[in-house]
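Here is a friendly walk through one model. Have a look at the sequence and structure first, and then read on.

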Amino acid sequence: MADGLTPGAADPVSDGRTPAARTPDVLTLTGLSWSVGGSAILSGVDLAVGEGEFVAVIGPNGAGKTSLFNLISGLNRASAGRIFLDGADITTEAPHKRARRGIGRTFQASSVFPTMTVAEHVALAGQVAAKRHALSRAATGADVLERVRLTEKSGALAADLSHGDKRKLELAMLLASGAERLLLLDEPMAGVASGDVPELVDVIRTLHRAEGRTVLMVEHHMEVLLGLADRVAVMHHGALLAIDTPARIMADARVQEAYVGDAL
């Protein structure tokens with residue numbers, strides 16, 4: 001996409017948003033591409049995520065979903081294209097500067113400190129926010145733990161938590177660290193016991209709907225996304241194949257073809 005394009009100027013019909021549903025864009029990607037050793041991993045991705053919107057990213061293994069998150073969070077540098085947060089070009093900014101702007105991210109593998117308590121994790125994240133001068137609107141440890149339903153486990157060691165509770169602890173750390181503008185959740189249900197999935201889904205739903213959080217989430221299981229996502233973006237071979245409402249994505253022939261052999 002040409003450099004002169006205005007961020008957020010996506011066609012509201014083609015991207016599944018009606019004019020009434022559109023809000024100011026928090027995240028805008030224009031022509032985003034990434035190549036390694038001459039091989040294209042991502043190619044020309046255009047995507048706009050509105051204020052308070054929940055966009056799920058799906059696709060077969062190797063489609064480029066995590067690579068997309070790596071570019072947005074700054075772990076990798078785009079080969080071409082641009083990334084805008086609230087209209088500011090952050091394409092070349094370092095990861096810590098993007099975090100200071102309010103981007104928070106979780107990873108596929110759970111990343112907590114096993115010998116620290118739940119409360120200590122949140123306190124540490126709050127200290128990071130204070131140093132950034134970007135305090136969360138509700139950065140107190142007790143409040144954050146209540147919002148992710150871990151109050152009763154504040155004194156527990158992270159090593160003793162279920163995988164589902166570790167995922168909730170990661171969310172608590174994002175909230176305490178000042179991730180106010182955009183939450184990037186990379187397969188938060190991965191490895192979580194089936195009995196713990198409903199509550200984790202409900203925590204994420206509450207953060208989105210009750211608190212108005214803007215969320216971009218990678219997930220493989222459509223049954224999880226149906227009650228969460230406003231729109232679903234489908235990645236295939238490093239490109240954005242389609243983006244629309246969950247119902248329309250489920251019925252899209254191109255998506256069905258891309259998922260041959262994979263469960264939607």
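Asp-86 sits in the loop that links β4 (80-85) and β5 (88-89); helices here (H or I, at least four residues) and strands (E, at least two) are DSSP runs, numbered from the N terminus. Keep in mind that this is a predicted model, where local features need pLDDT of at least 70, side-chain atom pairs count only at pLDDT 80 or more, and totals for chains, interfaces and linings use all residues. Residues are numbered from 1 along each chain as its sequence is written, and side-chain values use heavy atoms, with hydrogens and water left out.

Back to Asp-86: its phi is near 50°, a positive value in a residue other than glycine. Arg-149 also has a positive phi without being a glycine, at about 65°, and belongs to the loop between α4 and α5. Are these residues buried, exposed or partly exposed? Both count as partly exposed, on a scale where buried means under 20% relative accessible area, exposed means over 50%, and partly exposed is in between (1.4 Å probe, protein chains only).

| Residue | Phi | Relative accessible area |
|---|---|---|
| Asp-86 | near 50° | 41% |
| Arg-149 | about 65° | 35% |

Asp-165 is another story: this residue of helix α5 is buried, at 6% relative accessibility. Leaving aside residues up to four places away in sequence, Asp-165 touches Leu-150 and Lys-153, where a contact means heavy atoms within 4.5 Å.

Now for strand β7 (residues 182-186), where five of the five residues are buried. Which residues lie on each side of β7? Leu-182, Leu-184 and Asp-186 are on one side, Leu-183 and Leu-185 are on the other, and both faces are covered.

β7 has parallel neighbours, and two strands pair if DSSP finds at least two bridges between them. Strand β6 (residues 103-105) runs parallel to β7 and is joined to it by three bridges; here Gly-104 has Leu-183 of β7 as its bridge partner. Strand β8 (residues 215-218) is also parallel to β7, with four bridges between them, and Asp-186 is partnered by Val-218 in β8.

An α-helix has 3.6 residues a turn, so residues three or four places apart point the same way.

Finally, a word on confidence: pLDDT is the predictor's confidence in each residue, from 0 to 100. The protein chain has a mean pLDDT of 87, and 88% of its residues reach 70 or more. Over residues 134-139, though, the pLDDT is below 50.
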